[in-house]
Amino acid sequence: MVLVVMVNLLAALSIAVVVVLVGVPLWWRTTETYRAWLPVNQINELAELQLQLSVDVEVVFSRGTLMPEQQKKVPFTRTQEEAQKVDDDTTLRYRYESKYRTANIMEEDALKQPTAAEADLSLHTLSASPCGSVVVYVIPETSVLLPQGVDVYIGHRRTAVLRMGAPMSVGKNHKQLLAHLEPRITQVVQVMSFSHTDITAALSDRVRLSPGSKESLADSMRSFKSSPGYEITFSLLNPDPKSHRLDWDIEGAVHSYIQPLLTKLAPLANFSIDSQILYYAMLGVNPRFDSSLEAYTLNADSLAHVINPVEARLGSNAASSNPVLNFLLYVPDAHHSPLYIHDHQKQPVASNAFHSPRWGGIMVYNVNDLYGRGETPLPVNININMEKVMGVFLAQLRLMLGVQSSPAPPGFLVEPCGGAGLADWELDRLMWSRTVENVATATTTITSLAQLLDQIGNILCSLSFAGSVNLFHYINNKLGTVTSLQLAVAELEAGNLGFALQYSKEAILASERAFFDPSLLHLLYFPDDQKFAIYIPLFLPMCVPILLSLIKIASEARQRRKLKQSKKD
Amino acid sequence: MLLCLTDGGIALFCVNPTSWQIIVFIYIYIYIYIYIYMGNVHSDKAGQFFNSGHTNNWAVLVCTSRFWFNYRHVANTLSVYRSVKRLGIPDSRIVLMLADDMACNHRNPKPATVFSHKNMELNVYGDDVEVDYRGYEVTVENFLRVLTGRLPASTPRSKRLLSDDRSNILIYLTGHGGNGFLKFQDSEEISNVELADAFEQMWQKRRYNELLFIIDTCQGASMYERFYSPNLMALASSQVGEDSLSHQPDLAIGVHLMDRYTFYLLEFLEDIHPSSTTNMNQLFKVCPKSQCVSTPGHRTDLFLRDPGRVLITDFFGSVRKVEITMETINLSSPMEPLPERINCTVHILYMCINKHIIPTAIIMYYVPRQKLLRDVFPCT
């Protein structure tokens, strides 16, 4: 009998032990959300962003600019550092490494050209400066290379020509020379590479600063955010095919005028171009007839309603999710020709075009002067002058991509970009702000992702997702976010702008891949009452007999002890 | 009689005047009032560009119920879709999810129509509807994937919400709901916690500038209780514990056509045109308890701007910001000849106009690519 009781006791106890020691941990592990390992420490380190931007500046003195005493010190190198704290987590350090030297014979010959533009061209043939650097040629005050009133000339490449002040005001020794030159060279470098406001604007994803002025808010709203690719669509709208048979050589125009710009911008993003012709596409607004001008006018307030009805007819590539830039050329129908756009002051606009931020531009092309009224047989064959059209579209494209910046300071003469579409230093400006923007966006994405995973305990982290975040991507052998970011920041410090941009692009791609990984959606959220409703029918029938038998064992043990005690006494 | 000049409720000075003094007082008062009022209007117009901070608009309209007797939910969603399209948002920026097809349902006595008013006054289905997610594709998972952007790479553009940090998004949900959940397809639910988490993920990735959330279900106010991300404004058709009621049945079709809240919302939106200046405070007054039987609720504490300064068209319409192009580039070099024939594909689309087949669009792709998904309309 004692044996039976012992066996009962052992059975009950062993079941309880197995349930507690084996069952509970097993249940815990199998119902846990799977979390692959993430380098959380490194991600938290990235939350504090300390960027250092290094610019190499070369200052070349031509003959007649230096005093003999100053000549002795040349060549020399100086480094200037400036630290700016943007907010608690972000600090910026700017480092300008300036090398000062005298011009060699070939450069002197180049600077003897009659105009600044030609000098710029011959200077460029002598040496090519790497991307991100600036070369400043200093010419004496008496030189006639620059027109009157102009102190600085900025060309198509990365060179600028600076006119020295009068020898009296500059001074004789080395220190005075530097005191005169350094602020002016800093100003030139800020125009040609970046200024503090540009960099803080690029950090807008990370740091939500209130905009300083309405212009800067309009600038930030107008240009597209950094993206790995863009799609450009050129559309010709012909509402009246009975009167006009339009012919535009879009392939040739794109090849001659747009493609050079896009080839130059290739390090920044991939561009794909479409064109289309739409017939019977009307503007959504009725233009008003102005008898004083004998023409139809569209005033600035009604322009906002023009785009929506047309946009419904425009197509886009179904396969890609890249932002689309639309450029529309509208030829008004014969009954509403000519059509002019008026600005807010009721003056006709020279370009006859307008644009909408982050969307594209529309240009109105009047053809009524190309045919007489009622004599020529309809439809009239019209060949569109693509130079004029592409001039406007190119300007709008530059605005959309963020190339245009604030107007140059007084005394600066900036060479207009002409056929190339983009000057080298404008490209450098874009590259600086894009790199900073990419690094800021990637760090925000990855840190907010880590924060989300912390906050929402129910999200599942799969291995492929972890690979996008970690050091090495398991599947594609591409670098993960954390490594790319560290490399990008290192290259920025070293001053290699091209490599920094490449790494920052990879960082953005990897961080977007990580954040938008489809497997992250599995939110295993169950309200508490539902959890009880699931577990109680499973566990209660199992636990109740165990508990009851344990209670029975305990009460029997107590009874036995009482019996033993009473036996002793 | 005492006449007092007040400034916002504080009496500045009071006099016991004669009759001509009364006239002078009234005159001064009216003059000051007009001056301040005109000043406000003037500054509003000038600052219009910068008031809202958004450059594009998106709309996500979801109907979550299936079966013929839930006709009214599809009609609700389609009437909001119609208003939003009329006010300017194009199909490429609308994600329309309808859980069931009422227009082509076997029980529909008038096929290819969905009516919203009894006596079949208004056909909200029309002939220009683009449904992005239909039937069984409308699931909680797909809805959350659209919001957070975590779609598989093969998803086409029309099924994605490609918003950026300057997009204002309108989200409209309708169906059967309860305290803290919304029923999808009669088989699954989305809870208010999941919805709030989805909005937080959108905020972290800056996928919206401002978001307006409208829900027309029973106990709809419970769905916005858990929101915690900034720049969200929410409206619901009923409070917790109340039922949202339907408006009117149509005896010919045999089902209720619309829900009350959306019916009066549609009436309100019919008065809005793309350049109207009605603000959100008017929207909060739509469908008071006398008309709706339930009490509509709203939540604006997470919204940074004052609702009185937010225009209806900031969310329901798509008013573009426009700038005049002042500069052009002088291109002096003539066009270069093309090096070799660029490989391009050409699509020509035809339309039937006045019984003639006329080419309406010629699309050329410079790089061989996948075909654009568009219909070719035959002439009938």
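In this predicted model, a disulfide joins B:Cys287 to B:Cys292, with a distance of 1.7 Å from S to S. A disulfide is a covalent bond between the sulfur atoms of two cysteines. Counted over all chains, the total comes to one disulfide.

**The disulfide in chain B**

- The torsion about the S-S bond of B:Cys287 and B:Cys292 is about 100°, so the disulfide is right-handed.
- B:Cys287 has a relative accessibility of 3%, and because buried means under 20%, this residue counts as buried.
- Its partner in the bond, B:Cys292, also counts as buried, because its relative accessibility is 1%.

**Other cysteines**

- B:Cys104 is in no disulfide, and the nearest cysteine sulfur, which belongs to B:Cys63, lies 15 Å away.
- With a relative accessibility of 54%, B:Cys104 counts as exposed, since exposed means over 50%.
- In chain A, A:Cys543 counts as partly exposed, because its relative accessibility is 28%.

**A sheet in chain A**

- Three strands of chain A form an open sheet in which the order is β10-β11-β13 and the pairing is mixed.
- The edges of this sheet are β10, covering residues 288-290, and β13, covering residues 339-342, each of which pairs on one side only.
- On average, and with direction ignored, neighbouring strands of the sheet are turned by 45° against each other.
- Strand β10(A) and strand β11 of chain A, the latter made up of residues 295-299, run antiparallel and are joined by three bridges.
- Opposite A:Asp290 stands A:Ala295, which lies in β11(A).

Conventions: Residues numbered from 1 in each chain as written. Chains lettered and ligands numbered in written order. Predicted model: local features only at pLDDT ≥ 70, side-chain atom pairs only at ≥ 80, totals over all residues. Heavy atoms only, no water. Pairing = 2+ DSSP bridges. Helix = DSSP H or I, 4+ residues; strand = E, 2+ residues; numbered from the N terminus. Axes fitted to C-alpha atoms, helices over the stretch in contact; angles between N-to-C directions. Disulfide = S-S within 2.5 Å. Buried < 20%, exposed > 50% of the residue type's maximum accessible area, 1.4 Å probe, protein only.
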